[in-house]
Amino acid sequence: MNNFTYSKASTVQDAVNRVQQGPEAKFVAGGTNLIDLMKYHVITTDALIDVNHVEGYHAIEARGEGGIRLGAFMTNAKTAYHPIIEQQYPLLSRAILAGASAQIRNMATNGGNLLQRTRCYYFYDVNTPCNKREPGSGCSAIGGYNRIMAILGASESCIAVFPSDMCVALAALEAKVNISGPHGDRSLAFTDFHRLPGNTPDIDNNLSHGEIITSIDLPSKGFSDNYSYLKLRDRNSYAFALVSVATALELEDGIVRESRIALGGVAHKPWRSAEGEAFLQGKEATKENFTRVAEIILTGAAGYQYNSFKIELAKRAIVRNCMMALNPETQLPGAQPSR
Amino acid sequence: MAILSIVNQNSCEEEFSLREVPLKINGKLVNLQLRPWVSLLDALREYAGLTGTKKGCDHGQCGACTVLCDGERILSCLTLAVMKEDAEITTIEGVGTENELHPLQKAFIAHDAFQCGYCTPGQICSAIGMLNEGKAQNREDVKELMSGNLCRCGANSNIIDAIMEVKNETI
Ligand SMILES: Cc1cc2nc3c(=O)[nH]c(=O)nc-3n(C[C@H](O)[C@H](O)[C@H](O)COP(=O)(O)OP(=O)(O)OC[C@H]3O[C@@H](n4cnc5c(N)ncnc54)[C@H](O)[C@@H]3O)c2cc1C
Ligand code: SF4
Ligand code: FES
Ligand code: FES
């Protein structure tokens with residue numbers, strides 16, 4: 001780690017003021033991603049601003065319109081185990097609990113989770129070219145070992161995936177991200193928060209330097225009757241997804257009234273397909289229809305030398321997870337496939 | 001890391017200067033002179049002389065450095081000591097007493113739940129945290145909720161046996 005100064009921010013305004021002191025100044029929340037990357041010299045900072053003691057935004061609040069607001073500085077574990085989340089937004093609870101380990105979830109915050117960086121091996125290795133770490137240097141993954149990389153939405157500059165589980169559920173639930181900054185407050189719809197790599201893969205999301213996430217809003221619809229999160233990976237637990245799926249269905253007499261299907265581990269952001277979800281509307285909730293949806297969602301998917309298996313894996317995961325959503329009680333700890 | 005940092009020290013002596021970091025470790029208040037980038041793990045091992053907590057990977061991937069922070073299990077390698085100034089830290093040295101081992105320590109011995117013992121302090125602190133959380137209903141849950149602690153000797157099934165024994169006794 002390089003040398004830096006450390007200070008604690010007391011309010012959101014104080015945090016925003018402190019981070020203006022230089023382009024290299026950074027917030028630290030749980031530290032689980034930032035400190036790791038600093039140890040690898042992937043990220044350097046001259047001033048670290050601790051946001052854990054900021055007044056407010058450490059809890060869940062009810063909002064007027066029936067939805068709720070998740071504080072950005074609340075931990076992932078407290079969020080997942082909160083009775084409101086367990087009962088009204090169980091998809092979110094499941095997705096959070098499928099991520100990392102219990103220790104890491106006790107540290108990781110909701111704001112930090114949205115801003116975690118990719119786990120691309122070359123991004124982590126400062127001795128290799130990587131457009132995300134060093135714009136213009138090239139992408140080592142395209143012609144290299146790319147088993148974990150993207151099959152949707154990638155570009156010639158970068159084929160990395162965004163590794164969060166929590167964000168896959170937030171995408172399905174159509175959350176909103178609330179931000180404060182030097183020019184005031186603003187909100188972004190979840191789909192507008194993260195970016196595709198294009199030719200600027202160094203920019204993961206639409207948060208600017210100096211801005212801080214204060215909270216995440218969830219609309220009132222939690223899909224608690226028919227939901228499921230499935231995570232497929234190289235070991236059963238404590239590993240990132242090769243493919244994950246969040247499914248939320250609203251059913252009426254076996255007919256799909258509304259569906260949300262979001263994929264993780266396949267793209268630079270949680271992936272949703274308007275065409276796929278539109279196809280399901282008004283259709284029977286059957287394996288056959290879920291199979292057709294899977295084909296629609298994976299239209300345009302492209303693999304590289306070592307990750308083409310993910311295309312078929314994603315299709316099967318979608319079908320399996322939609323079937324699991326019909327009987328959410330069949331879900332197993334760690335978002336494994338039900339038996 | 002600490003030694004390297006001192007070598008790296010440049011003209012910004014003032015800004016990066018040592019600061020007094022009061023830490024409450026195992027019920028005792030210790031004032032350590034630390035630079036901001038010292039991890040809680042290094043503070044415990046290199047500055048407070050508590051070497052029970054182990055450094056496995058130093059990157060959040062093994063759980064060997066697990067300690068309790070205000071009763072919750074965390075990874076001491078991924079947090080800075082300065083970030084824990086007001087917290088109560090419990091390490092493996094503080095879970096039992098001179099005369100009486102913690103029930104999990106006894107159960108680990110009874111079930112032969114280690115070989116080299118390197119992962120054991122983290123396993124025990126993590127298991128204490130897990131039992132405090134009260135979310136595990138059965139053996140499957142315990143396995144899932146203890147997955148953040150790797151054992152490269154493969155003592156896992158005995159580790160889970162030991163934890164299950166204490167869990168069933170405390171219900
Ligand atoms: C071994 C390991 C395994 C993991 N496995 C998984 C997994 O399977 N699934 C998964 O989803 N995640 C996984 N994670 C990632 C983990 O979930 C993230 O590291 C965590 O959510 C980040 O949150 P944090 O509070 O620790 O962020 P920090 O590390 O403190 O910060 C991350 C970034 O966000 C910025 N930041 C933090 N809070 C704010 C804010 N409120 N406003 C603006 N900027 C902010 C920081 O400046 C920094 O750039 C794993 C991590 C590790 C170490
Ligand atoms: S895939 Fe993206 S993050 Fe990985 S090496 Fe290529 S540019 Fe870097
Ligand atoms: S040393 Fe902290 S997790 Fe391995
Ligand atoms: S006993 Fe050797 S690592 Fe677990």
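1. Buried area is the accessible area that two parts lose on being put together, summed over both. Keep that in mind for this predicted model. Chain B and chain A bury about 3200 Å² between them. Carbon and sulfur atoms account for 55% of it.

2. Who touches whom? On chain B, 39 residues are in contact with 41 residues of chain A.

3. Now the charged pairs. Chain B and chain A share three salt bridges. One of them joins K39(A) to D58(B). Their closest N and O atoms are 2.8 Å apart. Between chain B and chain A there are also 17 residue pairs in polar contact, both residues at pLDDT 80 or more.

4. Which elements of chain B give two or more residues to the side that touches chain A? They are α1 (2-8), β4 (72-75), α4 (120-133) and α5 (139-145). By class, that side of chain B has 14 nonpolar, 13 polar and 12 charged residues.

5. Look inside chain B next. The domain assignment gives domain 1 (2-94) and domain 2 (103-170). Their centres, taken over C-alpha atoms, are 24 Å apart. Domain 1 of chain B puts 16 residues into the contact, and domain 2 puts in 17. The two domains bury about 1200 Å², with 56% from carbon and sulfur atoms.

6. One salt bridge crosses this domain interface. Seven residue pairs are in polar contact across the interface, both residues at pLDDT 80 or more. On the domain 1 side, strand β3 (residues 66-69) of chain B gives the most, with three residues. That side divides into five nonpolar, eight polar and three charged residues.

Definitions and conventions:
Residues numbered from 1 in each chain as written. Chains lettered and ligands numbered in written order. Predicted model: local features only at pLDDT ≥ 70, side-chain atom pairs only at ≥ 80, totals over all residues. Heavy atoms only, no water. Contact = heavy atoms within 4.5 Å. Buried area = accessible area lost by both parts, 1.4 Å probe. Salt bridge = Lys/Arg side-chain N within 4 Å of Asp/Glu carboxyl O. Polar contact = N/O pair within 3.5 Å; in protein donor to acceptor, adjacent residues only side chain to side chain. Helix = DSSP H or I, 4+ residues; strand = E, 2+ residues; numbered from the N terminus. Nonpolar A, V, L, I, M, F, W, Y, C, P; charged D, E, K, R; others polar. Domains from an automatic or database assignment.
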